[in-house]
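Trainee: Please take a close look at the side-chain packing and pairing in this structure. I would like the cut-offs along with the values.

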Amino acid sequence: MATANVSGRAKEHPKAITAVLSVIGYALVGGAFAGVIPLFPELSNETVVLFSDAIAVVNSLALSCLLAGWYFIRRGEVEKHRAMMVSAFLLICGFLVLYLWKVGGGFEKSFVIEQGQFLYAYAGLVEVAYLSMLGIHIFLSVVAVPVVLYAIILGVTHTPSELKATNHARVGRIAAGAWSLSLFLGVVTYFMLNHIYSWVPR
């Protein structure tokens, strides 16, 4: 009964629920970065590296689900589309737990290029490219939160016929586009930081 009430409220007030969940999400991330929300136990350096790998896997799976969801809705396969988008959202929730734990219980990495790894003349360009992609990834991750939440809330609280009377399709396209680009850039910068060049703790 309580679940039905929550679902009913979300269906009637999707924007308000989106706003509340967005504020909670921003507060958790900001608190973890500031160190004022000690949610997670300390991690060893080796575990931080393992978490980085796990996060890349989760993000790659989420991106795959998003692309599959886009493919299915283009073919009119609504239930498969919904399953892929909900799966992508659950994977991102898993990412958030891993990421906050890594930040709150371990350390972040700084990108460096050792002179012997790359022609020195191009090292600056590589770092600019890395930081640019990382900046876009972070920006889209932040601004996409309410858009993604709104699209998901509409999608899980309305039937396919009811969704036609909402702006789910328009918002969903924006959410999926921003989300997909953010995930893609996140995976690219992960490989640059962890497998192509080098990093130091910060």
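Mentor: What follows goes through the nonpolar cores, then the aromatic rings, then the charged side chains. This is a predicted model, in which local features need pLDDT of at least 70 and side-chain atom pairs count only at pLDDT 80 or more, while totals for chains, interfaces and linings use all residues. Residues are numbered from 1 along each chain as its sequence is written, and side-chain values use heavy atoms, with hydrogens and water left out.

A nonpolar core here is a set of buried Ala, Val, Leu, Ile, Met, Phe, Trp, Tyr and Cys residues joined through side-chain atoms within 4.5 Å. Buried means under 20% relative accessible area, exposed over 50%, and partly exposed in between, with a 1.4 Å probe and protein chains only. The largest core has 31 residues, and those touching the most other members are Leu 66, Ile 92, Phe 95, Val 148, Trp 179 and Leu 183. Two or more residues come from each of α3 (45-74), α4, α5 (120-157) and α7 (168-196); α3 gives the largest share, eight residues. Helices are DSSP runs (H or I, at least four residues), numbered from the N terminus, as are strands (E, at least two). Setting aside neighbours within four places in sequence, Leu 66 is in contact (heavy atoms within 4.5 Å) with Met 85, Ala 88, Trp 179, Ser 180 and Leu 183. Another core, of eight residues, lies apart from the largest one and includes Phe 111, Ile 113, Leu 193 and Tyr 197.

Now the rings. Rings of Phe, Tyr and Trp (its six-membered ring) pair if their centres lie within 6.5 Å; planes under 30 degrees apart count as stacked, over 60 as edge-to-face and the rest as tilted. The whole structure holds seven aromatic pairs. Phe 95 and Tyr 99 are stacked, because their ring centres are 5.6 Å apart and their planes are at 20°. These two residues are four apart in helix α4 (residues 78-105), so about one helical turn separates them. Phe 95 is buried, at a relative accessible area of 17%. By contrast, Tyr 190 and Phe 191 are edge-to-face, because their centres are 5.1 Å apart with planes at 75°. Tyr 190 is buried at 12%, whereas Phe 191 is partly exposed at 41%. Ring pairs also join Phe 111, Tyr 130 and Tyr 197 into a cluster.

One ring has a charge over it, which requires NZ of Lys or CZ of Arg within 6 Å of the ring centre and within 35 degrees of the ring normal. The charged end of Lys 109 sits over the ring of Trp 199, 4.7 Å from its centre.

That leaves the salt bridges, each a side-chain nitrogen of Lys or Arg within 4 Å of a carboxyl oxygen of Asp or Glu. There are four of them. In the bridge between Lys 11 and Glu 162, the closest N and O atoms are 2.9 Å apart. This pair links distant parts of the chain, with Lys 11 in helix α1 (residues 2-12) and Glu 162 in helix α6 (residues 160-163), 151 residues apart. Lys 11 is partly exposed at 33%, and Glu 162 is partly exposed at 29%. Lys 102 bridges to Glu 108, with the closest N and O atoms 2.9 Å apart; here Lys 102 is buried at 7% and Glu 108 is buried at 15%. Arg 75 and Glu 77 form a bridge with a closest N to O distance of 2.8 Å, and Arg 75 is exposed at 52%. Salt bridges link Arg 75, Glu 77 and Lys 80 in a network.
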